[in-house]
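Trainee: Could you walk me through reading helices in a model like this one? I'd like the general idea and then the case at hand.

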Amino acid sequence: MTILNDLLERARSLLFRRRDERELAEELHTHAAMEAEHRRSRGTSAAEAHRQSILALGGVEPTKEAVRDARGTRLLDDSIGDVAYTLRTLGRSPGFAVVVILTLAIGIGGTTAVFSAVDHVLLQPLPYQSPGQLVRLYGASVQDPNGRGFLSPVHYKAYRTRLNSMDGVATILTYDEKGADIGSGNTVRRIRLLPTSSNYFDVIRVRPAVGQPYQPDAENGSGIEDNTDGGAVVVLSHQLWEDVFHGDPSAIGRTLVMNGRGYTVTGVMPDGFNDPVAGAIDAWVPLDLSQGNDPREAGNHYLSVIARLRPGVTIERAQAEVNSLAVELAREFPQQKDERARLYPLKDDIVGASSRSLEMMLGAVGLVLLLVCVNVANLMLVRGSERTREFAVRAALGAGGGRLVRQLLIESLTLALAGAVAGLIVARLAMSAMVALSAGNIPRLASLSLDPRLLLFALLVATASAVIFGLTPALRAARTQPGDALRDQSRGATSGRRSMRLREWLVVWQVALAFVLLVGASLLLASFRKIADVPLGVNAANVLTFELNLPSARYDSTARGRFYDEFDTRIETIPGVRAAGGISKLPATGPYHQWGAIPTTGPKAAEMQQRAVGAENRTVSGDYFRAAGIPLVAGRYFNASDDLSAPSRVVISADLAKAIFPGVDPIGQSLRTGGRAWEVIGVVGDVSVDNEGRTDFYIYHAHRQFAGDRNWSLTQVVSTTGSPTALEPAIRRELSQADPQLVMFRPMTLEAAIGRGAAQRVFTLKMLATFAVVALALAALGLFGVLSYGVKLRSREFGIRMALGADRPAIRRAVMANGLVVAGIGIAVGLAGAVALARTMASLMFHTSPLDPRVLGAAIVFMTIVAAVAAYIPAYRATAVDPRSALQ
Amino acid sequence: MADPRNELVQGTLEMLVLRTLALEPMHGWGIAHRIEQMSGAVFLVTQGSLYPALIRMKRRGWVRTSWRTTENNRRARYYELTAIGASQLDVERAAWQRASEAINGILSPRWALADL
């Protein structure tokens with residue numbers, strides 16, 4: 001009851017503070033008047049009675065203070081007063097407030113956004129049970145022990161059964177992205193399939209939410225690829241289950257028709273499950289591992305392998321076991337005696353490539369945040385010294401040092417909170433921008449969202465900045481001797497110059513940090529230019545690509561071979577099409593299907609019997625070489641005569657020809673690869689295996705001679721005279737005439753298809769460029785602010801000097817020199833920083849030295865120009881001062 | 001020059017105010033004046049101690065206030081004892097009695113009187 005009353009009273013006095021104050025004043029006044037009246041009535045003179053009553057009652061102001069204390073709302077009261085005062089003073093200099101809030105918003109927003117991305121992509125564990133135990137097992141070799149190659153089914157089976165340190169070794173088929181058509185007619189839809197070993201779900205420890213995974217016997221391959229019914233099974237994603245079966249649990253056991261043949265649904269994966277390696281997958285099907293029992297397949301590398309370490313087993317110990325098993329296998333399969341294997345933590349593997357660019361960004365955002373802190377500190381310092389007189393007056397009027405410190409802290413807190421709110425808006429925008437910029441190429445980034453921990457993070461940053469930035473001028477102000485500042489304004493100038501030195505040092509750091517960011521962004525830009533210019537061995541301009549899958553149910557190998565050739569011929573009749581063909585994997589989009597190749601004729605035939613060279617094998621149809629712009633070096637391209645009735649023929653790349661047939665005409669020579677003998681009929685130009693210009697050996701097979709091997713879904717390549725995408729409708733029409741059930745899947749330009757690998761670099765580049773621009777702007781602002789303030793402090797001095805006859809250009813030069821010296825020191829420090837960072841940056845560079853003198857030189861010139869502009873304006877202003885007004 | 005009269009005994013102001021208000025509702029000056037009178041002009045109540053005490057007592061619900069007109073036609077805030085305030089006066093009076101008996105006991109011990 002009493003407590004409730006107490007709270008009500010306190011609330012009431014908060015609400016009616018003004019009225020209370022007024023009434024208290026009236027009450028005290030009445031009291032004094034009554035006292036005086038009383039004394040007068042006893043014969044004292046009016047004046048004396050008044051004096052005595054005041055003496056007897058005590059001072060009015062201290063009483064008011066004591067009453068305010070008693071109200072129990074004192075702290076809140078004062079704070080409200082401080083906030084109101086803050087808003088009033090900030091309202092008088094809105095420019096200052098806006099600059100500080102925007103600066104903080106950039107710092108807090110940028111940091112929050114990038115921190116959330118890094119946290120989301122790098123720091124959060126994989127969404128699987130005990131993700132730390134999951135590893136990738138890659139094929140490597142004696143020559144390249146850290147390689148990241150595919151494994152053969154034979155080696156995979158050996159690792160699966162013979163490794164004791166593993167609690168399951170699973171494999172998936174990622175190199176050959178499988179698509180399947182579901183539905184029919186106009187509703188046909190393309191989905192993504194992931195063929196896996198049957199133990200895959202056990203290894204990642206994610207079981208279907210409904211039903212169960214397929215059984216081990218599904219791996220023996222019966223009925224998976226051929227047209228015979230029986231045994232074909234599928235596990236659906238939650239989404240596909242919803243789409244096709246409307247989430248009906250009775251879907252288990254029912255049939256899903258993919259590529260024209262029925263698969264029995266055995267399970268449905270949990271909602272939101274994303275495949276750790278392959279990403280968004282619609283359905284999982286058993287991978288045919290029967291090849292693993294055939295020793296001849298030991299040189300056929302196409303499997304991605306994921307394993308789970310037994311609890312307590314370190315990756316190093318497991319690697320040791322892998323090493324000794326690899327040596328054993330090398331003895332068992334002499335053709336692959338150089339083959340080894342290498343373990344990597346799955347998480348590093350998934351985020352590895354992007355972690356570098358994200359770390360780089362984290363570094364950049366750290367620099368920007370530092371810059372923001374320095375800038376805000378500078379702004380607060382400038383404002384603090386401008387207000388020295390104000391503080392002095394308030395101190396003289398009885399405000400204690402603590403009171404001033406609190407006032408300034410509240411001021412910076414108000415600014416920081418406003419900055420935090422604005423920062424969250426910036427963060428929200430920045431995150432959408434990052435997701436858009438990354439264009440799906442940074443794993444896990446698409447699911448990025450603002451979460452409450454980040455809100456806390458932003459608020460912490462804001463509060464910390466408020467305390468740090470607010471305290472310096474507040475402490476400075478608290479130490480101010482009121483008399484000093486009031487007595488002589490010129491005394492303020494000397495102390496002003498002392499704080500000037502601190503601010504100049506802050507500007508040096510600003511310039512240095514901005515310089516480092518500028519250099520980093522320029523180097524990435526230079527690298528990116530080089531990547532765009534690196535010759536890939538193909539002509540990517542004006543080329544359209546799209547995937548075309550022929551379902552095995554309706555197309556046997558002969559029909560498939562005929563279809564591709566006929567379709568390519570049809571497309572070539574479309575006006576504007578130069579050449580059309582197909583290939584099992586687009587050039588420059590990464591390694592794909594590697595086989596060992598051995599020359600069986602020529603000078604190296606005997607020597608290389610036991611030592612195959614690895615070569616990328618590609619299956620092509622139609623006019624692929626002309627469509628991709630790969631030049632003929634010798635012999636001929638494939639033509640219609642290269643069919644199943646003809647001897648097996650290959651076209652090889654120029655480097656491979658030199659390596660296995662040195663000194664002889666490669667045309668007419670023979671080689672063995674994939675367990676068969678082939679005759680070389682042509683040599684073509686070398687093609688890059690990735691978009692960084694690394695070439696590899698290539699062996700091309702004619703699809704019509706090779707189609708029976710398996711269902712190659714060929715990516716079509718169409719070179720055009722004009723805009724490639726403009727041809728899409730015409731090609732679609734041709735396709736629907738050829739087979740209305742086929743789908744033109746993922747059409748894009750070859751440039752886009754190849755450029756996709758560079759997307760992370762582009763993303764990093766865009767982000768860094770943004771940071772660099774922001775940093776440059778902040779540094780320029782800082783330099784400008786400090787120089788302007790310096791000029792303002794020295795305006796009297798300039799006035800005197802001009803009145804005494806100093807010429808304006810000389811003063812202008814002096815001010816600019818001051819600014820350029822500060823900027824110069826900053827650039828020197830930044831240069832040292834850039835050199836120190838060179839090694840970290842080297843890994844992100846492409847054919848570019850991190851110490852490229854042209855890049856460093858350009859950055860220096862650019863920075864100097866910005867500094868000169870930032871210095872010129874105050875210099876010009878300094879000399880525009882009328883000497884008389886400065887002296888007054 | 002310092003006023004020769006004494007400040008109040010620590011912590012007794014609120015009790016005295018309650019006692020004063022137990023007679024009739026009164027304004028601030030009235031309270032101060034009455035305490036001064038009743039103490040035989042020994043105690044002086046300054047504004048600085050009176051008004052914070054009144055605010056505290058109001059917060060605790062011991063008094064309620066209203067603006068009224070004095071006999072001299074001034075507007076003044078009158079303080080009035082509430083039921084809680086009245087029982088608080090009893091509590092404080094009892095406590096004071098116990099304390100002052102104890103203090104008196106110490107200052108003039110009975111055994112000393114017996115010795116005389």
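**Helix by helix**

Mentor: Helices here are DSSP runs of H or I with at least four residues, strands are runs of E with at least two, and both are numbered from the N terminus.

Trainee: What should I keep in mind about the model itself?

Mentor: This is a predicted model: local features need pLDDT of at least 70 and side-chain atom pairs count only at pLDDT 80 or more, while totals for chains, interfaces and linings use all residues. Residues are numbered from 1 along each chain as its sequence is written, chains are lettered from A and ligands numbered from 1 in the order in which they are written, and side-chain values use heavy atoms, with hydrogens and water left out.

Trainee: Which residues of α10(A) are buried?

Mentor: Buried means under 20% relative accessible area (1.4 Å probe, protein chains only). In α10(A) the buried set includes A318(A), V322(A), L325(A) and L329(A). Their cover includes β1 (134–141), α7 (153–162) and β12 (339–345) of chain A.

Trainee: How do I read a buried face?

Mentor: An α-helix has 3.6 residues a turn, so residues three or four places apart point the same way. In helix α24 (residues 795–803) of chain A, F798(A), G799(A) and M802(A) are buried. They fall within an arc of 105 degrees seen down the axis (using directions from the helix axis to the C-beta atoms), so they line one face of α24(A). Just after α24(A), G805(A) has a positive phi of about 105 degrees.

Trainee: And how do I describe a helix pair?

Mentor: Two packed helices are described by the angle between their axes and the distance between the axes. Axes are lines fitted to C-alpha atoms over the stretch in contact (heavy atoms within 4.5 Å), and angles run from 0 to 180 degrees between N-to-C directions. The axes of α24(A) and α25(A) come within 10 Å and cross at roughly 150 degrees. Angles over 145 degrees count as roughly antiparallel, so that describes α24(A) and α25(A). The contact is made by F798(A), R801(A) and M802(A) of α24(A) with R808(A), I811(A) and V815(A) of α25(A).

Trainee: At what angle do α25(A) and α26(A) cross?

Mentor: Helix α25 (residues 808–842) and helix α26 (residues 853–880) of chain A cross at roughly 150 degrees, their axes coming within 8 Å. They are therefore roughly antiparallel to each other.

Definitions and conventions
Buried means under 20% relative accessible area, exposed over 50%, partly exposed in between (1.4 Å probe, protein chains only). Angles under 35 degrees count as roughly parallel, over 145 as roughly antiparallel, 65 to 115 as roughly perpendicular and the rest as oblique.
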